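Work through the exercises below with the sequence and the model open side by side. Each task is followed by a solution in steps.

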Amino acid sequence: MPFHLTMRLDQGKGSRKMVLMGGKTRKNQGSLTIYLQLIVVSLALFFWALRPLDLVVGSYGVKQKEIYINVAAHREVREVYDDLLKATSFGESLLYNDNLTGRIVWNEAQFMESLINMYEVTKDRQYLEIFVEHADHVLQMRDDHAGRTDYAGRLRPGWQTGAYYTLGVPVITPDEQGHPSLEIQGIHRAGNNYTVVEIAEEDGGYFTLLVRNNFRRSEPLEVRFEGLTLENVEEKVNTNLSPNSWIHIRVVGSAPPSSGVWALKETYRMVIHELHTPIIGIPFLRFADLVFRSPELVIYRPKAEKYVQAFEESFRDYANSWREDTEGGYFVFEPGGKFWASGLPVPYNGLSANGRFLLWLYRVTGNTDYLQKAAALAQKVRAGMTFLPDGTMTMPYWIKESLPYTGWEDRNSDPVNGLYVRADPDRATEDVSHFSLTLRFMVEAWQMGVVFQDDDLKAVARTFVERLWKPSNAKVEELCDSDWRKGFFLAHNLDGNGRAYDYAIATFVLLSRWEPTMLARALKVYKARYKDVDCIDIDYLYGEVMLGWSVLALKTIGYRIYLPLLLRSWGLSYLLGRLP
């Protein structure tokens, strides 16, 4: 039976979706089908004709001068990627056995997605074989498969984390006779596993608590509480506790604590589903989508189906964290958890990661509930953006008017186990690195015709040109630095302040349709900073850098890489030219 292109319009809550289907055309769709086929064939012939030239036409600079990114640039990008791949024994260095310090979610997941991109570029199955090795290993490390219970003794279909993410496990300090005296818990918003408490005796039966923490600090922070007794220690230490406080004290004995030093290294272990699970899941679902639409990859279909099932299980495990309001849909961090923000709304970038995850779940399952939730998340994220008169945009990190954004005072109870009496407002502008999660969601939602429009992405592109692009005259040797805080090309925040996160420029290349200079700028940054493996912290930056190089590989071959998507993608928006 010949394959025909027909249209179906699926309407979901707050969204519309056109889908390509195989099968016989209906009579009233015949003319349109013929026209669509002619358009596809014409586009295919046009882009195929460009293939021998290996050229992509763009524009460069304020005056929009024409440039050509030729096959030499593409070859160089791929060679760099492959060299960096070999430097980690083809990714073996990233086969982590747990996510306790976030290495699966913030490093391995990005590396895995880069492999999908490189297969799209080359059709070389070596990249898929490496991907499958990682995917199978990551699934084996999922808590329910690895037999790892969380702080409440539960086996969950997720990847628990701890270390600097979660609240500290209370430590009992003894008195001089060895009996329990004080219970001390680390309660800072991050870095509790770096907290050390020193207890020293004072004259007259008093004692001092000295709290130290060197988490991401060149000079350790010190907080001192003096003149303490068992009668006043709780009042002095626990009054006005906030997420910026370091410890919580509880008297559990009848005699003062003995002198000594206690490291509060142990933290609770919990699954932060609402942020980590979607980021880990996206490459799995992209792999499944690739397999389902590629007959030549049928050998991988059982694995693809297994991966989809696994992440549907994971999503169901945190579906109860879903909320809706007049702006759209959002998630809260699971109430009652051991995370400082448990019960509070997930920030915009986390909502975006979930939105992207749900778009891919929809693509590989056809379940419109996923699409509706993705659309509701897109509405909520867009509502948090401010579009400025100069054509740029900005947004905060936290959801506007949420408790972290507004702060709180004198609360008798709070979202996190009654720990925090107050919190300062946090109205910080979103940083460029976390905004990468939102930008990927915006582009993919736009491709599928979900909420975001051309003008939204034009505003992001203009923001990059006007505020984020800040190249300096740094020396070449200064550019080879694995410290992610030392940026020389990009601003730290959307408001243009600071410098950092140069690797994030690769995500902005997705805006090449709206800002043709983006690719040239990104190539400049990556060639300056990320060609040498010795310049990259393998455990903290490698995944993002590899994902960046893979995006550049996609872009340096232009629209030809999207031709299979034009012909086989489910989304009619691809056919009509919604390509970044």
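**Exercise 1. A cysteine pair**

Is Cys 480 buried, partly exposed or exposed? Continue with the cysteine bonded to Cys 480 and describe the link.

Solution. The model is a predicted one.

Step 1. The relative accessibility of Cys 480 is 35%. Buried requires under 20% and exposed requires over 50%, so Cys 480 at 35% counts as partly exposed.

Step 2. Cys 480 is joined to Cys 535 by a disulfide, with an S to S distance of 1.8 Å. The cut-off for the two sulfur atoms is 2.5 Å, and by this rule the structure has 1 disulfide.

Step 3. The angle about the S-S bond is -100°, and the link between Cys 480 and Cys 535 is left-handed.

Step 4. The two cysteines come from distant parts of the chain, 55 residues apart. Cys 480 belongs to the loop between α14 (476–479) and α15, while Cys 535 belongs to the loop between α16 and α17 (542–556).

Step 5. Cys 535 has a relative accessible area of 5%, so Cys 535 is buried.

**Exercise 2. Helix length and burial**

Solution. 

Step 1. Helix α8 covers residues 301–318, which is 18 residues.

Step 2. The buried residues of α8 are Ala 304, Tyr 307, Val 308, Ala 310, Phe 311, Glu 312, Ser 314, Phe 315 and Tyr 318. The elements covering them include α4, α7, β12 (322–325), β13 (328–331), α9 (348–365) and α10.

Step 3. Helix α13 (residues 454–468) has 15 residues and reaches 20 Å from first C-alpha to last, close to the expected 21 Å.

Step 4. In α13, Asp 456, Leu 457, Ala 459, Val 460, Ala 461, Thr 463, Phe 464, Arg 467 and Leu 468 are buried. They pack against α10 (368–383), β14 (386–387), β15 (393–394), α12 (432–447), α15 (505–508) and α16 (518–529).

**Exercise 3. The nonpolar cores**

Which residues of the largest nonpolar core touch the most other members? Identify the helix that gives the most residues to this core.

Solution. 

Step 1. The largest nonpolar core has 150 residues, and those touching the most other members are Phe 287, Phe 508, Tyr 526 and Trp 549.

Step 2. Helix α3 (residues 103–122) gives the most to this core, namely 11 residues.

Step 3. Take Phe 287 and leave aside neighbours within four places in sequence: Phe 287 is in contact with Ile 116, Leu 128, Phe 131, Val 132, Tyr 300, Ala 304 and Tyr 307.

Step 4. Another core, of 19 residues, lies apart from the largest one; among its members are Ile 199, Val 211, Leu 228 and Leu 264.

**Exercise 4. Aromatic rings and charges**

How many aromatic pairs does the whole structure hold? Classify two of them, then find charged ends that sit over rings.

Solution. 

Step 1. A search of the whole structure gives 32 aromatic pairs.

Step 2. The rings of Phe 131 and Phe 284 are 6.2 Å apart, centre to centre, with 65° between the planes. Planes over 60 degrees apart count as edge-to-face, and this pair is edge-to-face.

Step 3. Phe 131 lies in helix α4 (residues 125–140) and Phe 284 in helix α7 (residues 273–292), 153 residues apart. Phe 131 has a relative accessible area of 0% and is buried; Phe 284 is likewise buried, at 0%.

Step 4. Trp 322 and Phe 331 are also edge-to-face, at 5.1 Å centre to centre and 70° between the planes. Trp 322 is buried at 13%, and Phe 331 is buried at 0%.

Step 5. Over the ring of Trp 322 sits the charged end of Lys 373, 5.4 Å from the ring centre. The charged end of Arg 103 sits over the ring of Tyr 540, 4.1 Å from its centre.

**Exercise 5. A loop residue**

Where does Asp 203 lie, and is Asp 203 buried or exposed?

Solution. 

Step 1. Asp 203 is in the loop between β7 (195–201) and β8 (207–213).

Step 2. The relative accessible area of Asp 203 is 73%, so Asp 203 is exposed.

Technical notes. Residues numbered from 1 in each chain as written. Predicted model: local features only at pLDDT ≥ 70, side-chain atom pairs only at ≥ 80, totals over all residues. Heavy atoms only, no water. Helix = DSSP H or I, 4+ residues; strand = E, 2+ residues; numbered from the N terminus. Expected span 1.5 Å × (residues − 1). Buried < 20%, exposed > 50% of the residue type's maximum accessible area, 1.4 Å probe, protein only. Contact = heavy atoms within 4.5 Å. Core = buried A, V, L, I, M, F, W, Y, C linked by side-chain atoms within 4.5 Å. Phe/Tyr/Trp six-rings, centres within 6.5 Å; stacked < 30°, edge-to-face > 60°. Lys NZ or Arg CZ within 6 Å of the ring centre and 35° of its normal.
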